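Please keep the sequence and the model in view while reading.

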Amino acid sequence: MSDIAFVRTEILPQKAPPVAATGFIGWARENLFSGWFNSILTVLSLAVIFSVLSSILPWVFSPTWNGTSLANCREILTAAGSVGEHGTTGACWGVIRERWLQLMFGFYPSELYWRPILTFVMLFVALGPILFTDFVPSKLIWFSGLFPFIAAWLLWGGSIWNPLVALAGFAIGFGVFRYASTALGALAAIILAALVPILWWVFLAGPVASGLSSVIPLELETVQSRNFGGFMLSITIGVTAIICSLPLGIILALGRQSDLLIVKSLCVGFIEFIRGVPLITLLFVASTLLNIFMPPGTNFDIILRVLIMVTLFAAAYMAEVIRGGLAALPKGQYEGADSLGLDYWQAQRLVIMPQALKISIPGIVSTFIGVFKDTTLVSIIALLDPLGLSNAIRADANWNGIVWELYGFIALLFFVFCFSMSRYSMYLERKLTTDHH
């Protein structure tokens with residue numbers, strides 16, 4: 001009797017993976033029910049989530065969007081049968097429907113809402129070539145440089161020559177730097193490039209702008225800073241502080257590592273002083289004490305004072321974040337830049353700083369988010385940010401007693417902005433990664 005060997009000549013068709021190992025069922029078995037202990041925790045967690053949602057969702061989805069007062073909201077809830085042990089249960093969203101424009105724009109004139117809206121749209125255009133270089137033409141970077149001056153003119157109004165004269169100060173500083181760097185050296189050029197524009201803005205900008213305005217009067221209706229409020233005020237302060245604090249932080253971080261004793265001492269002293277003082281103290285200084293040191297009759301806008309203090313506060317923290325990125329770079333990167341024959345500024349611009357900023361992205365974005373949330377502190381010095389406006393709204397007899405609806409709406413908008421910043425930082429980290437495993 002002979003053995004007969006059987007060899008399959010055709011390939012078996014591919015079978016689908018087991019249902020219990022793929023899709024949602026497979027994910028749940030692996031992550032939620034992988035053992036008896038995880039299974040118990042999963043069941044308890046689902047019970048807690050169900051209990052919380054069953055209490056919150058009916059409150060959120062209440063039929064009170066057309067309510068005209070807190071009493072009217074309670075009547076609507078009673079008619080809808082939303083009555084619990086402690087009276088009517090449900091949010092009174094009528095306050096948001098009636099006051100959301102005030103929460104957004106404060107007391108900005110309603111016929112001029114187009115100006116902050118246009119500014120907000122232009123902000124995204126200006127940020128495009130900086131944040132999304134793969135999708136937005138790099139030629140728009142010139143608009144990004146002009147946007148701060150256009151935004152200030154649109155929001156506050158007045159003569160168009162004021163922002164143009166302010167812009168001229170930066171152009172003068174750049175020209176001085178280009179000339180002095182070849183004639184006097186880098187350090188003298190930096191000092192003159194900072195000093196000359198300051199002298200221009202303090203002594204010459206005002207008379208020049210007034211003279212040009214008298215010859216060619218081009219202006220928008222002026223809006224006083226006391227009319228600014230709501231999220232428009234928070235975004236104005238937050239975006240300005242974020243944009244200005246990054247370059248200032250880079251300069252302070254480089255100054256702290258400088259071999260020049262005076263430069264290093266000034267940067268260390270500034271950073272340690274600012275980081276050792278609460279922001280609210282600096283805001284009180286901005287609102288009250290600065291006027292004491294200014295010449296009599298000087299009109300130093302309160303929002304401008306707050307912008308300066310918040311920017312300096314953020315720059316001190318930004319400097320330490322960037323210094324950590326510089327310290328994390330291996331010494332070979334500095335030696336490699338030297339071996340290429342690059343001078344100090346070329347090495348920082350082309351080799352050192354790009355890598356340090358990449359390492360520092362999480363800390364930088366965390367500082368940005370903290371600065372944006374800290375804009376709510378301006379309510380302490382009588383500026384009507386969203387929290388300050390919520391107190392004014394609740395002082396109205398119709399909405400006296402409203403709390404969670406206003407704070408919840410404000411928290412939601414802050415969450416949208418801060419969450420967007422954190423998602424962008426993750427996108428940027430993935431884009432700049434050089435590790436390929």
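Cys-92 is buried, with a relative accessible area of 2%; here buried means under 20% relative accessible area, exposed means over 50%, and partly exposed lies in between, using a 1.4 Å probe and protein chains only. The model is predicted, so local features need pLDDT of at least 70 and side-chain atom pairs count only at pLDDT 80 or more, whereas totals for chains, interfaces and linings use all residues. Residues are numbered from 1 along each chain as its sequence is written, and side-chain values use heavy atoms, with hydrogens and water left out.

Cys-92 has a partner: a disulfide joins Cys-73 to Cys-92, with an S to S distance of 2.0 Å. A disulfide is taken to be a pair of cysteine sulfur atoms within 2.5 Å, and by this rule the count comes to one disulfide. Cys-73 lies in helix H3 (residues 70-79) and Cys-92 in the loop between strand S2 (87-88) and helix H4 (94-105), so the bond ties together parts that are 19 residues apart in sequence. Helices (H or I, at least four residues) and strands (E, at least two) are DSSP runs, numbered from the N terminus. The torsion about the S-S bond of Cys-73 and Cys-92 is about 60°, so the disulfide is right-handed. Cys-73 is buried too, at a relative accessible area of 1%.

Cys-244 is in no disulfide, and the nearest cysteine sulfur, that of Cys-267, is 17 Å away. Cys-244 is partly exposed, at 34% relative accessible area. Cys-418 is also in no disulfide; for this residue the nearest cysteine sulfur belongs to Cys-244, 19 Å away. Cys-418 is buried, with a relative accessible area of 11%.

How is the chain divided? The domain assignment gives domain 1 (43-91), domain 2 (158-220) and domain 3 (224-432), with bounds that come from an automatic or database domain assignment. The C-alpha centres of domain 1 and domain 2 are 59 Å apart.

Now to the interior. A nonpolar core is a set of buried Ala, Val, Leu, Ile, Met, Phe, Trp, Tyr and Cys residues joined through side-chain atoms within 4.5 Å. The largest such core has 48 residues, and Leu-326 and Met-421 have the most contacts inside it. Helix H17 (residues 404-432) gives the most to this core, with nine residues. Domain 1 (43-91) and domain 3 (224-432) both contribute residues, so this core lies between them. Leaving aside neighbours within four places in sequence, Met-421 is in contact (heavy atoms within 4.5 Å) with Ile-242, Val-365, Phe-368, Ile-369 and Phe-372. A second, separate core of 29 residues includes Tyr-113, Met-232, Val-277 and Ala-316.

Ser-287 is found in helix H11 (residues 279-293) and counts as buried at 19% relative accessibility. Not counting residues up to four places away in sequence, Ser-287 touches Ile-302, Arg-305 and Ile-381. Glu-320 lies in helix H12 (residues 302-328) and is buried, with a relative accessible area of 16%.

The last stop is helix H2 (residues 36-60). At 1.5 Å a residue, its 25 residues should span 36 Å, and its end C-alpha atoms are 36 Å apart, which agrees; the expected span is 1.5 Å times one less than the number of residues. H2 has a kink of about 25°, centred on Leu-53, where the bend at a residue is the angle between axes fitted to the seven residues ending there and the seven starting there.
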